[in-house]
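Here are my notes for someone opening this model for the first time. Have the view at hand and follow the points in order.

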Amino acid sequence: MNRTKIAGIGMYLPSRVVTNNDLLKYMDTSDEWIQERTGIRERRYAHRTNETTTTMGVEAAKIAIERAGITPQDIDFIVFATLCPDYYFPGCGVLLQRAMKMKEIGALDVRNQCSGFIYALSVADQFIKTGMYKNILVVGSEKHSFGLDFTTRGRNISVIFGDGAGAVVLQPATNGNPGILSTYLHSDGEAAEILAMYNPGTHANHWVGQKLADFNEAEIGDMFMSHEMIDKAQNFPFMDGQSVFKKAVVKFPEVILEALAANNLQTADINMLIPHQANLRISQFVQHKLKLRDDQVYNNIQKYGNTTAASVPVALCEAWEQGKIKEGDLVCLAAFGSGFTWGSVLLRW
Ligand code: UT7
């Protein structure tokens, strides 16, 4: 059985910086509220028309591929994680394959929101382990700024999210480096609707009430996307932030401790924890709970906001570029989010 290593890593953040004060133009909020509750000072927004979730993923992928010392034509599988794809379908994987002029390789899209990159890494790891593929590109990319409610009504969500992309190239590990030690994935769909974007969708209000017994063909269309939905802002994400927060601070430590126990390791052995950048207060809670020092945890939500599937690879890339992760270091990646889904990846760099 092969082991999997990260052979190259890259990130892309759009150049437009949006500060908390910039958001005051659109909604009733304050720099003080946002920093106090989330730690966020600013975030990046993609260019409205020239940049998409896929094009940002391509920019991150170019760097990861170059750092791995290979070319786009060497990639033999793509896993693309996002919650804001360019199209409802097809997914971003094929758009990236086209944009990077790759061979007719497989392209898989992962829809696991904040834990999307962890899920994507885990899937790719299995393909490397079995020997099926040798160079897998794993991407997490998000263009949230295109789909947020920028009125006061949507302020609890819109101030949090930012745009960006991260990517890694996975290869079989060499030189005795064990690479990825374990991946653990979990879900609990009991509260699927408390952090969700309902429309457009095929639920026909089955889960969210107002189920209609009889309807005609025209009404089916209306239930997918209607003027009423837009008027009621039902085409924007919904979040019960406090409930998400409460679950996150339990599941983050749990899944990290699960990984450490399985590998006979302790929290003191972690050189760098890269938590999904959901909220600085959640990361601080996890750090405190696991008794980790400041130098054992990397956070950059202050600059980029919550970039969901992109947050872990962006933070990992930035920490590595700053020399905070060195060869042989024990690195733990962990994420929790909508679904709920959560997971961890423990690896030797
Ligand atoms: O990555 C995906 C997973 N997501 C998460 O992990 C998010 C977890 N949850 C959170 O991070 C926090 O719940 C939030 C940062 C989203 C919200 O913080 P909170 O302390 O839970 O605030 P809240 O939603 O309970 O709202 C408290 C008050 C409300 O006003 P009233 O009813 O007390 O008068 C809100 O209307 O804060 C108000 N509020 C705001 N005020 C200024 C909500 N959003 C804002 C805002 N600016 N942007």
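1. Start with the domains. The chain is assigned domain 1 (4–172), domain 2 (180–192 + 239–348) and domain 3 (198–235), with bounds that come from an automatic or database domain assignment.

2. A word on the ground rules. This is a predicted model, where local features need pLDDT of at least 70 and side-chain atom pairs count only at pLDDT 80 or more, while totals for chains, interfaces and linings use all residues. Residues are numbered from 1 along each chain as its sequence is written, and side-chain values use heavy atoms, with hydrogens and water left out.

3. Now the ligand. Which residues are the closest to the ligand? They are Thr29, Arg37, Gln242, Asn279 and Asn306, out of 20 residues that surround the ligand; a residue is near a molecule if one of its heavy atoms lies within 4 Å of it. By class, this shell has ten nonpolar, eight polar and two charged residues. Here Ala, Val, Leu, Ile, Met, Phe, Trp, Tyr, Cys and Pro count as nonpolar, Asp, Glu, Lys and Arg as charged, and the others, Gly among them, as polar.

4. Where does the shell come from? Domain 1 and domain 2 each give at least three residues to the shell around the ligand. Helix H2 (31–38), helix H6 (155–158) and helix H9 (241–262) each supply at least two residues, and H9 gives the most, with four residues. Helices (H or I, at least four residues) and strands (E, at least two) are DSSP runs, numbered from the N terminus.

5. Threonine 29 has a polar side-chain atom 2.7 Å from a nitrogen atom of the ligand. For asparagine 279, a polar side-chain atom is 2.6 Å from an oxygen atom of the ligand, and an N or O atom in the side chain of arginine 155 is 3.0 Å from an oxygen atom of the ligand. On its own the ligand has 950 Å² of accessible area, and the protein covers 73% of that; accessible areas come from the Shrake-Rupley method with a 1.4 Å probe.

6. Glutamine 171 sits in strand S7 (residues 164–172). Is glutamine 171 buried or exposed? Glutamine 171 counts as buried because its relative accessibility is 14%; buried means under 20% relative accessible area, exposed over 50%, and partly exposed in between (1.4 Å probe, protein chains only). The side chain of glutamine 171 makes a polar contact of 2.7 Å with the side chain of asparagine 135. A polar contact is a pair of N or O atoms within 3.5 Å; within protein, one must be able to donate a hydrogen and the other to accept it, and residues adjacent in sequence count only if both atoms are side-chain atoms. Beyond its neighbours within four places in sequence, glutamine 171 is in contact (heavy atoms within 4.5 Å) with residues including Arg3, Ala68 and Ile128.

7. Helix H3 (residues 53–67) holds methionine 56, and valine 58 is also placed in helix H3. Methionine 56 counts as buried because its relative accessibility is 0%. Setting aside neighbours within four places in sequence, its contacts include Tyr12, Ser141 and Asp163. Valine 58 is buried too, with a relative accessible area of 8%. Valine 58 and alanine 99 are 41 residues apart in sequence, yet 7.5 Å apart in space, C-alpha to C-alpha.

8. Please check the backbone at a few spots. Most residues other than glycine have a negative phi, and most peptide bonds are trans. A cis peptide bond joins phenylalanine 89 and proline 90, with omega about -5°; proline 90 is in the loop between strand S4 (77–81) and helix H4 (92–99). Another cis peptide bond joins glycine 339 and phenylalanine 340, with omega about -10°.

9. Two residues deserve a look for phi. Asparagine 264, not a glycine, has a positive phi of about 55° and is exposed, with a relative accessible area of 70%. Lysine 291 has a positive phi near 55° and counts as exposed at 71% relative accessibility.
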